[in-house]
Amino acid sequence: DNGGKKVVATAPLAKNGRLALRCEGKDMTLRFFWSENGKNWTAIGGEEKADVLTTATAGGFIGATVGLYATSAAGK
């Protein structure tokens, strides 16, 4: 996103404050999920293009990795 940030989805924090995150990739698409118990997963956001992680789109080697995190900032 050219160095910017874009919030694509938000969800309320789990009742007990615990949260599990999961990412699934297929071809050049990523989908993200969250769970309060690690068994029942809820999709968050829609499909996200993964081509921004490629050297062709980025214009060279970017050393990209995919990682998940949660914050209480909600885009602030």
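# A tour of a three-stranded sheet

The protein chain has one helix and three strands, where helices (H or I, at least four residues) and strands (E, at least two) are DSSP runs, numbered from the N terminus. Before selecting anything, keep in mind that this is a predicted model, in which local features need pLDDT of at least 70 and side-chain atom pairs count only at pLDDT 80 or more, while totals for chains, interfaces and linings use all residues. Residues are numbered from 1 along each chain as its sequence is written, and side-chain values use heavy atoms, with hydrogens and water left out.

**Whole chain.** Colour the protein chain by pLDDT, the predictor's confidence in each residue, from 0 to 100. The mean for the chain is 77, and 75% of its residues reach 70 or more. Followed from the N terminus, the elements run β-β-β-α. Of the 76 residues in the chain, 8% are buried, a class that means under 20% relative accessible area, with exposed set at over 50% and partly exposed in between (1.4 Å probe, protein chains only).

**The sheet.** Select the three strands next: they form an open sheet in the order β1-β2-β3, with antiparallel pairing. β1 and β3 (42-49) stand at the edges and have a single partner strand each, so one side of each is left without a neighbour in the sheet. Neighbouring strands are turned by 20° against each other on average, direction ignored; the axes behind this angle are lines fitted to C-alpha atoms, for helices over the stretch in contact, and angles run from 0 to 180 degrees between N-to-C directions. Two strands count as paired if DSSP finds at least two bridges between them.

**β1 against β2.** Keep these two strands on screen: β1 and β2 pair in the antiparallel sense over seven bridges. Within this pairing, Glu-24 has Arg-31 in β2 as its bridge partner, and Lys-26 stands opposite Thr-29 in β2. Gly-25 is found in strand β1 and is exposed, with a relative accessible area of 62%. A distance drawn from the C-alpha of Gly-25 to that of Lys-49 comes to 9.7 Å, although the two are 24 residues apart in sequence.

Most residues other than glycine have a negative phi; Asp-27 has a positive value although it is not a glycine. Asp-27 is also exposed, with a relative accessible area of 74%.

**The salt bridge.** Show the side chains of Arg-22 and Glu-24, which form a salt bridge with their closest N and O atoms 2.9 Å apart.

**β2 against β3.** Move across to the other pair, where five bridges join β2 to β3 and the strands run antiparallel. Phe-32 lies in strand β2, and its bridge partner in β3 is Ile-44. At 23% relative accessibility, Phe-32 counts as partly exposed. The C-alpha atoms of Phe-32 and Glu-48, 16 residues apart along the chain, are separated by 8.7 Å. Trp-34 stands opposite Thr-42 in β3. The hairpin of β2 and β3 has six residues between the strands, and Gly-38 takes a positive phi near 75° there.

**A surface patch.** Finish by displaying the surface around Leu-13, Leu-19 and Leu-21, which form a nonpolar patch with about 260 Å² of accessible area together. Such areas come from the Shrake-Rupley method with a 1.4 Å probe, and for residues only the protein chains shown count as cover. Patches are made of residues with over 30% relative accessible area and no salt bridge, like charges being joined within 9 Å and nonpolar side chains (Val, Leu, Ile, Met, Phe, Trp, Tyr) within 5 Å. Leu-19 lies in the segment before β1 (20-26) and is partly exposed, with a relative accessible area of 35%.

Conventions:
A salt bridge is a side-chain nitrogen of Lys or Arg within 4 Å of a carboxyl oxygen of Asp or Glu.
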